[in-house]
Amino acid sequence: MKDSMRKAYLASVTDRFVKGQMDRRSFLRAAGKLGLGAGALGMGLGARPFWTMSQAQAQDQELKPNADVMKWLADVGKPFAGTTLKLATESTPPSNAIATQLKQYFEEASGIKIEIEVLPLEQVLQKLTLDVASSLGTYDLYYIDQSWAANFSQDVFDPREQLKNADLAMPNYNIDDFLKPLVDGIAMYKDTMVGVPYDIPIFIMQYRKDIWDELKLPAPTTMEDLLNASKAITDAKGPNVYGTSGQMKSGHYSLECDWTAWLWGHGGSIFDKDGKFCGNDERGLEAMAYWDKLKATMPPGVNGWTWDGEGQSVAQGVAASMLSWGEFFPFFDDPKASKVSGLMEAIVPPKPTTTLRTVQETAFGEIPGVGHQGGSSLAVSKYSKAPDAAWIFMQWATSADTQALITVLGGGTGPTRKSVYDDPRVKANARVGAGTTRHLPVVRETIANYMGSEPDLPAWAEISSDTIPVALGKYFAGQLGSAKETMDALKSQVDEIVAKG
Amino acid sequence: MNASVASRTLRTLAAWVVVGLFFFPIYYWTSVAFKYGNDIFSRPPNLFHFTPTFDNFQKVFGISLGSGGVTVTPGGGNFFMAPRLWDSIVVATLSTLVAIVIATLAAYALSRMNFRGRHQFVNWVLSTRMMPPVAVAVPMFFIYKGFGLLDTFTGMVLIHALMNLPLAVLLMKSFFDDIPAEIDESAIVDGASRFTIFRRIVLPMAKGGIAATAVLCFIFSWTEFLFALTLTTTGLKTVPVVSSTFVTSIGTAWGNMAALGAASIIPAFIFILLVQKHLVRGLTMGSLKQ
């Protein structure tokens with residue numbers, strides 16, 4: 001039996017066992033056939049996918065908050081007992097893990113109530129913008145996408161300043177434990193720390209190992225390998241299976257995310273050192289030419305997909321690979337939601353075709369790197385009527401212990417702290433199945449060595465979510481002529497927006 | 001005879017096709033609520049042969065339906081939507097009630113009483129529907145914040161009632177216009193006051209119209225998104241707003257969204273059943289002029 005088939009079979013057997021559809025004897029027999037014996041039983045019992053577990057069951061597991069952290073919350077929270085905090089956040093694995101599972105521990109220990117409003121990303125921006133514009137303090141904590149850091153930098157407390165208040169500081173909070181590239185790429189705007197890194201979706205290469213093995217293709221470690229393999233798969237298996245996929249919906253932020261990965265991967269950048277748009281230079285046009293060729297190996301509907309459609313195309317076996325958000329990987333391993341459970345492999349993004357531009361060669365803090373990051377930070381609003389209580393919550397929500405719980409309960413999402421990657425609870429989940437953490441070493445390496453970050457400037461939310469994806473969408477719809485004409489037009493638009501400030 | 005049978009069969013067939021066209025999206029969406037992720041995205045779409053599951057309902061409503069306890073899905077949006085369904089029922093019912101009470105009185109006055117600027121008044125009422133809600137949403141946010149109405153049932157009921165009033169007034173006016181004014185005049189001759197005529201004579205005759213207007217107001221409130229999003233935070237949320245929370249950073253939880261959607265059809269369906277007796281008459285009122 002092939003390794004991939006063995007993994008898929010094991011995932012299926014384990015899933016049936018934890019759902020009670022298979023008795024222990026049958027499970028052991030099936031596991032025994034795979035040569036796993038008692039080890040498999042342990043996997044089925046101790047590290048099963050969280051979303052097959054009841055809440056009551058979850059509380060009985062070892063996945064409980066650290067007692068010292070709870071004691072600190074009880075002590076520090078006393079003066080604030082009865083306070084209610086509000087947070088508006090995107091529906092991300094960390095936020096959902098806190099909202100549905102973990103906040104009860106915080107509330108019981110501290111006496112502080114936390115209300116979490118979960119919304120799609122663009123609605124979070126609308127809510128926060130209203131709150132800031134009116135200085136109303138409706139929300140005590142802000143969930144800040146990396147592309148909004150500049151916009152909200154004046155409206156939140158710098159956590160380094162908050163940490164100076166020894167009375168409220170969490171013991172061993174260790175702000176230096178946050179991965180430095182994430183602090184620089186997500187949380188820093190000029191000299192201000194706009195909150196602390198809270199979550200980190202990042203582009204990693206995810207591909208169907210079984211198909212690559214079957215066609216004897218080299219792993220997609222370079223841009224050329226990826227293109228060649230995608231062509232070969234599309235030729236051999238299309239139209240049932242295409243080589244790769246994309247998030248290329250016209251006018252949607254996701255299209256801009258894909259563009260930056262190919263742009264940076266060809267040695268280009270969005271801005272030059274003078275702060276002028278340079279996606280229309282030679283490297284930018286090479287990236288567009290490559291993207292055109294790669295698009296020919298993607299499923300026909302890709303023009304209408306955001307990351308949702310892209311992820312589904314891989315999960316349903318329509319596309320054999322994607323350079324995209326690592327948060328999808330645990331979903332691919334879920335046998336109930338995906339047809340490729342156990343068949344996917346995660347590796348770092350393909351190497352760039354040439355040397356990456358340095359930060360000094362770009363502007364506005366842009367960091368070229370194929371591993372496009374879409375992380376967010378969590379910060380206390382300056383308009384909050386209970387900033388101290390909010391700071392206590394923020395420390396707890398971003399502490400190492402809570403992050404470890406989020407990573408396991410939240411379905412394999414990437415932590416933003418170094419220590420959490422080494423946490424035994426996180427490592428124990430590194431097996432095929434829903435909520436796996438087996439891709440996290442790749443996520444960690446990508447953050448350390450291959451991460452790309454968008455620029456930080458107040459106009460960036462408009463440029464990244466509207467100007468660029470609208471122009472690219474028109475290009476792929478054949479409405480803007482050649483790639484050169486499209487990029488030249490885009491340069492005029494972007495430079496004008498930046499000049500306006 | 002044969003031509004008549006053929007014609008009737010054709011009509012019946014056409015009617016079933018039309019019914020099928022309207023019913024299919026409801027069937028499809030409801031079936032998604034009972035599917036696992038793999039079945040939702042199967043190619044070609046699997047309309048009938050799939051393994052049904054209550055998982056989506058369990059996740060969305062936090063209840064156990066006998067297939068393995070209460071489950072949760074990381075990244076699958078917000079949970080425990082039952083309170084949100086209740087929020088929607090309260091807001092839609094009360095706002096409909098407020099709109100109908102005010103609209104009935106206003107429409108009767110516009111239909112029966114002569115006062116200066118009556119026709120302009122009708123136009124003015126209609127003009128408030130011409131303004132896009134998004135232009136009003138942000139100013140309303142600040143007004144509501146000032147009056148302490150943000151995130152409250154009172155605030156949501158008021159805004160939905162206000163939103164529905166113009167349409168309700170115009171609809172009710174057309175229904176009252178259909179009731180002959182001679183009936184009012186006869187009652188006046190018999191010594192009835194204006195209010196008595198309204199309450200005892202005209203209102204019972206306009207029951208069908210009131211039912212039709214109430215159904216429209218209820219449905220508009222039930223499906224309204226923008227105000228419900230802007231004017232609430234965590235205190236209450238209506239179904240359309242919480243449905244959007246299933247759009248997550250790792251894709252859309254279609255099964256969960258469909259489960260909430262399928263469940264949310266039921267209250268609206270019950271409301272329509274309750275007023276169904278009067279509805280057909282109401283929908284046909286105003287179609288014939290004297």
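User: In this predicted model, which residues is Phe393(A) in contact with, leaving aside its neighbours within four places in sequence?

Analyst: The model is a predicted one, and contact here rests on C-beta atoms that lie within 7 Å of each other. With the neighbours within four places in sequence left aside, the partners of Phe393(A) are Leu85(A), Phe106(A), Ile112(A), Ile114(A) and Leu141(A).

User: Which residues touch the most other members of the largest nonpolar core, and between which domains does this core lie?

Analyst: The largest nonpolar core has 139 residues, and those that touch the most other members are Leu141(A), Tyr142(A), Phe152(A), Val194(A), Ala379(A) and Phe393(A). Residues of this core come from two domains of chain A, so the core lies between domain 2 (67–201 + 376–425) and domain 3 (203–371 + 448–500).

User: What is the strand order of the open sheet of five strands in chain A, and which strands are its edge strands?

Analyst: The pairing in this open sheet is mixed, and the order of its strands is β2-β1-β3-β11-β6 (chain A). From one strand to the next, the twist averages 30 degrees. Two strands pair on one side only, and these edge strands are β2 (113–119) and β6 (196–199) of chain A.

User: In which sense do β1 and β3 of chain A pair, and which residue stands opposite Ala88(A)?

Analyst: Strand β1 (residues 84–90) and strand β3 (residues 141–145) of chain A are joined over two bridges, and their pairing is parallel. Within β3(A), the residue opposite Ala88(A) is Tyr142(A).

User: Which strands does helix α10 of chain A touch, and which does helix α17 of chain A touch?

Analyst: Helix α10 (residues 180–187) of chain A packs on the sheet with its direction at about 95 degrees to that of β6(A), and the strands it touches are β6 and β11 (376–380) of chain A. Helix α17 (residues 387–397) of chain A also packs on the sheet, where its direction makes about 150 degrees with that of β11(A), and the strands it touches are β1, β2, β3 and β11 of chain A.

User: Is strand β7 of chain A mostly covered or mostly open, and which strands does it pair with?

Analyst: Strand β7 (residues 203–208) of chain A is mostly covered, as six of its six residues are buried. Phe203(A), Met205(A) and Tyr207(A) are buried on one side, and Ile204(A), Gln206(A) and Arg208(A) are buried on the other. Phe203(A) has Trp325(A) as its bridge partner in β8(A), while Arg208(A) has Met344(A) in β9(A). The antiparallel partners of β7(A) are strand β8 (residues 321–325), over five bridges, and strand β9 (residues 344–347), over four bridges.

User: How many helices and strands does chain B have, and how far apart do the C-alpha centres of its two domains lie?

Analyst: The secondary structure of chain B comes to 13 helices and two strands. Chain B is divided into domain 1 (2–53) and domain 2 (92–253 + 275–284), and the distance between their C-alpha centres is 34 Å.

User: What share of residues 153–172 of chain B is helix?

Analyst: An unreviewed UniProt entry lists several spans of chain B as "transmembrane region", including residues 153–172 and 253–275. Residues 253–275 of chain B have end C-alpha atoms 34 Å apart and are 96% helix. For residues 153–172 of chain B, the end C-alpha atoms lie 26 Å apart, and the share of helix is 100%.

How values were computed. Residues numbered from 1 in each chain as written. Chains lettered and ligands numbered in written order. Predicted model: local features only at pLDDT ≥ 70, side-chain atom pairs only at ≥ 80, totals over all residues. Pairing = 2+ DSSP bridges. Axes fitted to C-alpha atoms, helices over the stretch in contact; angles between N-to-C directions. Contact = placed C-beta atoms within 7 Å. UniProt positions renumbered as here; feature names shortened; annotations may be inferred. Core = buried A, V, L, I, M, F, W, Y, C linked by C-beta atoms within 7 Å. Buried ≥ 20, exposed ≤ 12 C-beta atoms within 10 Å, placed from the backbone. Domains from an automatic or database assignment.
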